[in-house]
Amino acid sequence: HLESVGADFALLAPSGRELFVVSPEGIGQLWSLSKRKKIAVYPDLTTSFRWAWCSPTGDHILITIDDQAPRLIGTDGKTDIRLHGHTGGIWTACFSPKGDRILTASTDNTARLWDLEGNTLAVCRGHRGDVRDVAFSRKGDRILTGSGDHTARVWDLQGNELGVIRGPTAAVTKVAFTPDGETILTLSGHVIRLWRLVATNVEEPEEVEVLTTRAAIAPSGLRVVTCAGDRTPRLWTAEGQRAVLEGHIREVADATFRPEGEAILTLARNGSIRLWDHNGKLRLARDFPVVKNQRDGPVRLAGFTDAKDHCLLQIFGTAWIWDVHRPDPIELHAHREPILSATLSPDRSMVLTTSADRTAIVWSGVGARLRTLGDHGAPVQAGAFAPDGAWIATAAGNVVRLWPRSGQSPLRGTGHED
């Protein structure tokens, strides 16, 4: 069994087989969930532990600690390397899509590219403020940085600057490439901007809008839908064209794209849902009579299940699966108290709901009840699936439980202070 362990941080490898936890005292532990045993202990992370990231391959974990060099460990428990080179602290980091390179963003105004042996491959110099965020393009052939100097910059893998984005009026705190690599998104303050790349040049930006709630990117990366706390979401193309989605009578809380195609789903705080085509034309409208006596809890679209055109909605303590071709949704109605979270498995075949009734329930993608995850002794605040769907995590009180999908008894970790 997994021994009781206090944890302020937990990271599950993409395979779902390894778990890395850090205690409030700064002690790191690496666990094998498949073998149910501890792989390695890292007693010297200190209480200044900042964050950790796992590579896409699941072979390595990068750890950042305030005022110390980043640390790269292997999930086999053998690798333990310090990445020496930065003269300031680390804001954030990321692995390349193949998992063979690392990018770090630092308060020393640079970003660095590393290999898995801890060697510096390139230094991106040019920012006049700390580098707040970094990203790779989907192909892993370009680097994007955002900085406190109000700019974002594009680089090649040798650290050569390819373009400078000077439009933001505040620190650029988040950056991303769209999947096709031809458009850049930057977040500055509450403003998201789209920038179109042509060859190695950055064109003038098209400002999207001030955001206060949500944004979603289409699977193609060519469209973005934004919610700004009003009744009219906006649809944006990479060329900066805008469509106003008019049809809700209450503020829109969430939006998402269908996994296949460019259709858009929006959900308002009064339970009304709208389906739009890729040009922003209203195709379908439904109003759920589920919020008359409830006003507490999130209103969100958790996404589409693997069942064609079935979406998962969480509305004020209730959860629903709706087939967009049918007028009435299916309520996931088995909990005795309000639902606190609703989550899709990575393959979208299952739904996990957690409740104030101290239980969690697993459902199929069409709303059939599959399994109840016992009495937790306290309201179950949150739940999540492992990337491969083999494990389910639930959090109740100061206890986190890991449940094998096979139905065995859970692994149990305790000791959280909050």
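Which residues have the most contacts inside the largest nonpolar core? In this predicted model, that core has 18 residues, and those with the most contacts inside it are Leu265, Leu267, Ile273, Cys311, Leu313, Ile315 and Trp322. Two or more residues each come from β27 (264-268), β28 (272-276), β30 (299-304), β31 (310-315) and β32 (318-323). A second, separate core of 16 residues includes Leu11, Phe20, Ile63 and Ile65.

**Surroundings of Leu267**

- Once its neighbours within four places in sequence are left aside, Leu267 is in contact with a set of residues that includes His248, Val252, Ala253 and Asp254, together with Ser272 and Ile273.
- Also among the contacts of Leu267 are Val299, Arg300 and Leu301, as well as Leu313, Gln314 and Ile315.

**Burial of β32**

- Strand β32 is largely enclosed by the rest of the structure, because six of its six residues are buried.
- Thr318, Trp320 and Trp322 point one way from β32, whereas Ala319, Ile321 and Asp323 point the other way, and all are buried.

- The hairpin that joins β32 to β33 passes through six residues.

Notes
Residues are numbered from 1 along each chain as its sequence is written. This is a predicted model: local features need pLDDT of at least 70, side-chain atom pairs count only at pLDDT 80 or more; totals for chains, interfaces and linings use all residues. Side-chain values use heavy atoms; hydrogens and water are left out. A nonpolar core is a set of buried Ala, Val, Leu, Ile, Met, Phe, Trp, Tyr and Cys residues joined through side-chain atoms within 4.5 Å. Buried means under 20% relative accessible area, exposed over 50%, partly exposed in between (1.4 Å probe, protein chains only). Helices (H or I, at least four residues) and strands (E, at least two) are DSSP runs, numbered from the N terminus. Contact means heavy atoms within 4.5 Å. Two strands pair if DSSP finds at least two bridges between them.
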